[in-house]
Amino acid sequence: MENSSNRMDNSSHLILHLTPKSDLEQGVTIITRGEGVSVFDKEGNRYLDMVAGITRPVHVGYGRPELAQAVYDQICELSYFTPMAFANVPAMELAKVLAQITPGAINRFTFECSGSEAVETAMKLAKHYHFFNDNKSRFKIISRRGAYHGVNGIGLRALGSVPAMRQIMEPLAPGGIFVDSPYCYRCPLGLIYPDCDIACARNIEQIIEFEGPEYISAFIGEPIQQAYGALSPPPEYWTIVRRICDTYGILLIIDEVICGFGRTGKMFGIQHFPIQADLLTMAKGITSGYVPLGAVGCTDEVWEPIAVFNHLHTYGNHPVPCAAALKNIEILEREKLIEKSAAVGEHLLKGLHQLQHHPIVGEVRGTGLFAAIDFTSDKKTRAVLPTSQILGMITRARHKGLIVKLAPGRMAIEFAPPLVIRKEEVDYALQIIDAVIAEEEKQMGI
Ligand SMILES: Cc1ncc(COP(=O)(O)O)c(C=O)c1O
């Protein structure tokens, strides 16, 4: 239904992602325009976008003519050429820039169309590394329960949140191994930090022994995990995981699809921890969502034994999104948006802490401009607040002109605004959130 109304319903020819048909009975909002940190619907209603396009790629904000110009110029110059046996200038330049700004020894890059493809490609590169090192049996991938690493074939087997997405596609490529997430607020092992001695990390060793280290290719994890809501692990966590991976010759893939390009107040999320990755996956903030792009980086050590990367798809190393990424990174650096993410992120976190007096606010967490409120129906037991109530608050916030989202673990509201957001806009968002929480508590009779 494309008519004067602001809604798209079931009569439209468009298939939406992850949208129950029942939602279309009311119709879904049609967004037509974006500017800075706001988007506008078909009727001109303005929404403050606290999750940068909901899937959170829009780091430099909406409506940047510079980015449009970079894409236009590249299309005029060279719109496309194959990634096999030929190179193009923007892809080479972007690889060079990424070699400078990615942490540790990440030094070689290839480009895809999405985060899912980047994850897929990282897993393929890890398999190539083992294959060419004559470790052909290594095919299993370790990820965390509660992980999200995309929707494609071998990456899907690492999907530990949104179980329905994984389960409907089963049987999947074999070799997915799940370990616990470092979710301290509701520890899956029932332990308390720091007395737990970071058992969620240490236990990985037993699981590796059980599965057979000679079958395991890689461990994949987000430095700060989205699923339960902007979840930063205990400071020791990644050091322990890195050591275990080294002990067993397992490659460590750090998935920076959300955290990369300033989301957490540093250029990359893993820079909050004293470890280095073997492979890094990127997407979203690499182009601020203006055009699709995913990227994988690996160290020379990973790349060196691989005689040929047996991989080809039409849009690999595409010059147009690579040109957009170059411009986007230039803007991030020129406008000091990484530093801004750290400073405004602190302001956001401080504001969220002030909401902790609410009986249903369990824990607030945040690193840079990646933050969450984890809700509870009982502060003592930390019982989960029913998802329907959290969704109700999100809907009421939207009616008040604020876009926030449910974290995939379905227990928290997540905030990940464009990095250009100003403190006053954060304050405005916090006021609305405060109001919808108070309304919810009133309805609950608290
Ligand atoms: C950590 C992580 N990895 C991979 C993906 C998949 O990226 P895409 O949706 O671009 O395919 C996502 C998407 O949200 C993600 O958050």
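Me: How many salt bridges does a search of the whole structure find?

Reply: A salt bridge here is a side-chain nitrogen of Lys or Arg within 4 Å of a carboxyl oxygen of Asp or Glu. By that criterion, the search of the whole structure finds 23 salt bridges. The model is a predicted one, in which local features need pLDDT of at least 70 and side-chain atom pairs count only at pLDDT 80 or more, whereas totals for chains, interfaces and linings use all residues. Residues are numbered from 1 along each chain as its sequence is written, and side-chain values use heavy atoms, with hydrogens and water left out.

Me: Which residue forms a salt bridge with Asp-374?

Reply: The partner is Arg-186, and the closest N and O atoms are 2.8 Å apart. The pair links distant parts of the chain, 188 residues apart: Asp-374 belongs to strand E14, while Arg-186 sits in the loop between strand E8 (176-179) and helix H7 (199-211). Helices (H or I, at least four residues) and strands (E, at least two) are DSSP runs, numbered from the N terminus.

Me: What else is found in the loop between E8 and H7?

Reply: Pro-194 is found in that loop. A cis peptide bond, with omega of about 0°, joins Tyr-193 to Pro-194. Another backbone feature concerns Arg-56, which has a positive phi of about 70° although it is not a glycine. Arg-56 is placed in the loop between strand E5 (46-49) and helix H2 (65-77).

Me: How is the chain divided into domains?

Reply: Domain bounds come from an automatic or database domain assignment. Here, domain 1 comprises 7-60 + 336-444 and domain 2 comprises 66-334. Their centres, taken over C-alpha atoms, are separated by 26 Å.

Me: What area is buried between domain 1 and domain 2?

Reply: The size of an interface is often given as the accessible area lost when the parts come together. Buried area is the accessible area (1.4 Å probe) that two parts lose on being put together, summed over both. Between domain 1 and domain 2 the value is about 2900 Å², with carbon and sulfur atoms giving 60%. Val-60, Ile-338 and Phe-370 supply 23% of the area that domain 1 buries against domain 2, more than any other three residues.

Me: How many residues of each domain are in contact?

Reply: Contact means heavy atoms within 4.5 Å. On this basis, 37 residues of domain 1 are in contact with 37 residues of domain 2. The count of salt bridges between the two domains is 1.

Me: Which residues surround the ligand?

Reply: A residue is near a molecule if one of its heavy atoms lies within 4 Å of it. The residues surrounding the ligand include Ser-114, Gly-115, Ser-116, Tyr-148, His-149, Glu-222, Gln-226, Asp-255 and Lys-284. A polar side-chain atom of Ser-116 lies 2.5 Å from an oxygen atom of the ligand. For Gln-226, an N or O atom in the side chain is 2.9 Å from a ligand oxygen atom. With Asp-255, the ligand atom is a nitrogen, 2.7 Å from an N or O atom in the side chain.

Key:
Polar contact = N/O pair within 3.5 Å; in protein donor to acceptor, adjacent residues only side chain to side chain.
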